[in-house]
Amino acid sequence: MVKRIIVVLTLFISIASFAQKNNTSAYSFFGIGDKNNGNTVEQLGMGGAGVSLNDVYHLNLSNPAANSALRFTTYSLAIENKNTWAKDTENKQSAATTYLSYLAFGIPLGEKGGFTFGLLPNTSVGYSLVANTYDTEGNVVEGSMYEGNGGTNKVFLGLGYEVLKGLSLGFQGNYIFGKIENSTVNQVKNVSLASKYETISNVNSFALNAGFLYKTAISKKMDLHLGGNFDLENDLNANGKEYLYSLSLGSTQISRDTILNVESKGTLSSPIKTTLGVGLGKENKWYAGIDYSFQNALNLQGNTFSKYSKISYANYSRVSIGGFYTPKFNSIASYWERATYRAGVKIEKTGLALDASGNGNDFTPLNDFGISFGVGLPVGKQLSNLNVGFDFGKRGNTSKGLVQENYFNLRLGLSLNDKWFNKLEIF
């Protein structure tokens, strides 16, 4: 009982941790920020693959149909450490941040169903950039500082049920909310006051996704897994303020005359996103799968998003290939034989294209490539485990005045399993 109380308290107390900064990318400036990968540490260790995978002991946040496999009350949380090295043709910069990446509960409903609920980041904004203009002698004549923080979080409730032998369906409701702040401070040489342009936007939306999963044995040593998830079309609304004012720069910024103070509104329309997956494996032994995701271009409307003349949105796609291997799930002789080893690769077209020149006809797509590894370590004599994963890769390139980001991400996840709702037995 004490263990259960601690778990519940940790869940609700830790919600405050989502207010921390969880991005260090210049590309998080655009739209509502970088879209976070909503998979668990286990799946991210496989390159993000696993929409077709159901597991008795682990949550699958990428497909609500997988909830039908839950047989234990499962509590899962994770932290992530992001490290980014950004460069263009002239400069280099590095940054790092650590944050809580998700909190989730999974509870079985009989032998054919289960549901999950929790909280995780949806998008994130976090950047601090300086751009200077120089004269012929190399002196700074004008400087600008760009800063942003915030993002959106997602509260979700998902349900999965096995409707026919081997076939499960699932549905999930999501509430997306958050606050995003962007600012630009401009200072011209020999001018006493600087100017600051600032936007503060509150965003919210309801979204739904549905999934299916089919599993069948094709031999005594191999199962076939088929699965899919569909994020249905939705609109995310942004309401806020735009400010433009002068200020004195010193140890602190002191605002002076307000030049602009107006309401701003915007809508980000997200078309349906489809993820399909297929895999082969044997329960508690091994799995190898491939996922393919695709989505038409996002659409931004309203004055909140109307000032991004240097970007364009194209169709999104992603291929994830990965799997796991457990030497001997119930080994008594060797701890490391009970560990689970994971690896994977992802190839992603983010759908974001940038025009550094600003002429409106030379957009370069932003692509991402990453390789990941992970290991699941059994905890004590229980079915719980500690999952460690990391990935490294590259996003973007330095051509046409753009920025290339090399990254290394380290993740730690804890998955606790227990039976909370046993029937009372009288002897």
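Asp 34, Arg 395 and Glu 405 are joined in a network of salt bridges, a salt bridge being a side-chain nitrogen of Lys or Arg within 4 Å of a carboxyl oxygen of Asp or Glu. The model is predicted, so that local features need pLDDT of at least 70 and side-chain atom pairs count only at pLDDT 80 or more, whereas totals for chains, interfaces and linings use all residues. Residues are numbered from 1 along each chain as its sequence is written, and side-chain values use heavy atoms, with hydrogens and water left out.

By this criterion the count of salt bridges comes to nine. In one of them Glu 80 pairs with Arg 411, the closest N and O atoms being 3.3 Å apart; the pair links strand 2 (residues 73-87) to strand 19, across 331 residues, strands being DSSP runs of E with at least two residues, numbered from the N terminus. Arg 411 also meets Asp 391 of strand 18 in a salt bridge of 3.4 Å, N to O. Glu 80 and Arg 411 are both buried, as is Asp 391, where buried means under 20% relative accessible area, exposed over 50%, and partly exposed in between (1.4 Å probe, protein chains only).

A further salt bridge, again with closest N and O atoms 3.3 Å apart, is formed by Glu 263 and Lys 241; because Glu 263 lies in strand 10 (residues 253-270) and Lys 241 in strand 9 (residues 234-249), the pair ties together parts that are 22 residues apart in sequence. Glu 263 counts as exposed at 54% relative accessibility, while Lys 241, at 27%, is partly exposed.

Conventions
Helix = DSSP H or I, 4+ residues; strand = E, 2+ residues; numbered from the N terminus.
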